[in-house]
Amino acid sequence: MFDALSEKLQATLADVRGRGTLTEDDIKKAMREIRLALLEADVNFKVVKEFTNTVRERCMGADIVGQLNPGQQVVKIVHEELEALMGGQSGDIVFSPRPPTVILMAGLQGSGKTTATAKLAKFLQKEHGSSVGVAACDVYRPAAVDQLVKVGGQVGATVYEQGTDRDPVDIARWALDQAKQDGKDVLIVDTSGRLHVDEKLMEELKNIRTAVRPHNILLVVDAMTGQDAVNVAEQFGAAVNFDGVIMSKLDGDARGGAALSVKAVTGKPILFASTGEKLDQFERFHPDRMAQRILGMGDVLSFIEKAGEQFDADQAAEMERKLRQNDFTLEDFLQQLKMIRKMGPLTSLLGMIPGFAGQQLKGMKVDEREMDRVEAIILSMTREERRRPELIKGSRRLRIAKGSGVSVQQVNQLVKQFAQMRKVMKQVGKGKMPDMAALMRQGR
Ligand SMILES: Nc1nc2c(ncn2[C@@H]2O[C@H](COP(=O)(O)OP(=O)(O)OP(=O)(O)O)[C@@H](O)[C@H]2O)c(=O)[nH]1
Ligand SMILES: [Mg+2]
């Protein structure tokens, strides 16, 4: 799924990610590549244009916030905008306070309605504990009723069918009565498909809609048909308003254009993704996870997210100022240590930092206990000592060692490490957040 797009976006972003500085030209180049990648993925051209414009503007205007370097900021922005493109938050079925909740399935021939009807029934039984009935309202294709009887039966839904001789509108009305009598929580109405969005199909859908007053109208679109699927959805929306999309056959869709464009073009979110012929290959559509999957950098993104959450921008700015003026004390060090630790176990955190994972990490042990020790030592110092570590000598050293339950040597070591760190910082001096772990190793 989305392989080519993933590959291209990842290559582009890998290029910018590690960079400390990005020029306007770098951003322009990256946007050109992103635009091409999206177009090749068959994303609607208007959507592509809007997307890259938004991302470009945000990148140009982005300040260096917290711990993220400009390259990481770009990744963050692309991720957020991809997520927004697919609807931001994941949506859900609207449940009626008075059951049964009625769901009307619509879509072109072969789009996957009948399969999705059974899959959705299974999903709702499992996720919501609903008892589900399905109504066989496709009377035009002879095998359609049998198909629903089969797949509906397989997932344990009650199938309401009256063969192919009755009017689909009557069957729908009857099925709703039955579902009410049977105390069903949900009734899913499967309908017939057409080759095109035509008058007759729309008429029939509208009549069924009037008969059963669905709480949800879901449009099933075949992801493999790319922009055609998006056009169909747009036409459907103009004729019969629908609430959400079930994107089917995502497993066979290498490009991803439909999934990426349909929300922007129709304004309706993708609620579910159908990803195979098996009846459990069906899941809620999560724009965030999908964006993550496309960018294929789950680790990097969750690092960026955590950093963003935990690292207060004001604090970061203040810290930067101090670093620049070489005004960084043990107190600040303690504060930063705490901030870093808030973000989670250090080892997992370091593994998330780009270029830090894998081999490099294996050779390095981040000892949480050592961090505890460092904290304890600093906490045993007076304020004055934290600000001017050069004061820490003789009896002060002994007092701190006793207070924190470590040896005098360990206090010594920390003070030395810190002096070393300050030296390095002076060299860095550019206002970038230093890599604490690396600095601590150097001082050791
Ligand atoms: N690979 C894959 N195949 C699917 C998926 N969903 C449906 N199909 C297949 O697509 C074909 C058409 O699916 P149906 O559910 O019959 O489609 P429909 O919209 O009900 O078709 P009509 O009733 O003829 O309008 C079947 O062979 C399904 O097995 C999916 O998510 N992935
Ligand atoms: Mg069908």
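A helix and its surroundings

Mentor: In helix 9, the buried residues are Gln227, Ala229, Val230, Val232, Ala233 and Phe236. Buried here means under 20% relative accessible area, exposed means over 50%, and partly exposed covers the range in between, with a 1.4 Å probe and protein chains only. This is a predicted model, in which local features need pLDDT of at least 70 and side-chain atom pairs count only at pLDDT 80 or more, whereas totals for chains, interfaces and linings use all residues. Residues are numbered from 1 along each chain as its sequence is written, chains are lettered from A and ligands numbered from 1 in the order in which they are written, and side-chain values use heavy atoms, with hydrogens and water left out.

Helices (H or I, at least four residues) and strands (E, at least two) are DSSP runs, numbered from the N terminus. An α-helix has 3.6 residues a turn, so residues three or four places apart point the same way. The expected span of a helix is 1.5 Å times one less than its number of residues. For helix 9, which runs over residues 227-239, the 13 residues should therefore span 18 Å, and the 19 Å between its end C-alpha atoms agrees with this.

What lies over the buried residues of this helix? The covering elements include strand 1 (101-106), strand 5 (216-222), helix 8 (199-212) and helix 10 (257-266). Contact in this account means heavy atoms within 4.5 Å.

The wider setting is a nonpolar core, that is, a set of buried Ala, Val, Leu, Ile, Met, Phe, Trp, Tyr and Cys residues joined through side-chain atoms within 4.5 Å. The largest such core has 73 residues, and the members that touch the most others are Val78, Leu82, Phe236, Met247, Leu260 and Ile294. At least three residues of this core come from domain 1 (3-88), and at least three from domain 2 (101-285). These domain bounds come from an automatic or database domain assignment. Leaving aside residues up to four places away in sequence, Leu260 touches Leu5, Leu38, Val43, Val47, Leu82, Leu85, Met86 and Ile294.

Gly152 belongs to helix 6 (residues 142-154) and counts as buried because its relative accessibility is 0%. Although Gly152 and Ala118 are 34 residues apart along the chain, their C-alpha atoms are separated by 5.1 Å.

Rings of Phe, Tyr and Trp (its six-membered ring) pair if their centres lie within 6.5 Å; planes under 30 degrees apart count as stacked, over 60 as edge-to-face and the rest as tilted. The count by this rule is 4 aromatic pairs. Phe123 and Phe282 form an edge-to-face pair, because their ring centres are 5.9 Å apart and their planes stand at 70 degrees. This pair joins distant parts of the chain, with Phe123 in helix 5 (residues 113-128) and Phe282 in strand 8 (residues 282-284), 159 residues apart. Both Phe123 and Phe282 are buried. The pair of Tyr160 and Trp174 is likewise edge-to-face, since the ring centres are 6.2 Å apart and the planes lie at 90 degrees. Tyr160 is in strand 3 (residues 158-160) and Trp174 in helix 7 (residues 168-181), so this pair ties together parts 14 residues apart in sequence. Tyr160 counts as buried at 4% relative accessibility, whereas Trp174, with a relative accessible area of 24%, is partly exposed. One aromatic cluster is formed by Phe123, Phe272 and Phe282.

Charged side chains complete the description. A salt bridge is a side-chain nitrogen of Lys or Arg within 4 Å of a carboxyl oxygen of Asp or Glu, and the structure holds 15 of them. One of these joins the side chains of Glu80 and Arg58, at 2.7 Å from N to O. Glu80 lies in helix 4 (residues 70-85) and Arg58 in helix 3 (residues 45-61), so the bridge ties together parts 22 residues apart in sequence. Glu80 is partly exposed, with a relative accessible area of 28%, and Arg58 counts as partly exposed at 32% relative accessibility. A network of salt bridges links Arg58, Lys76, Glu80 and Glu81.
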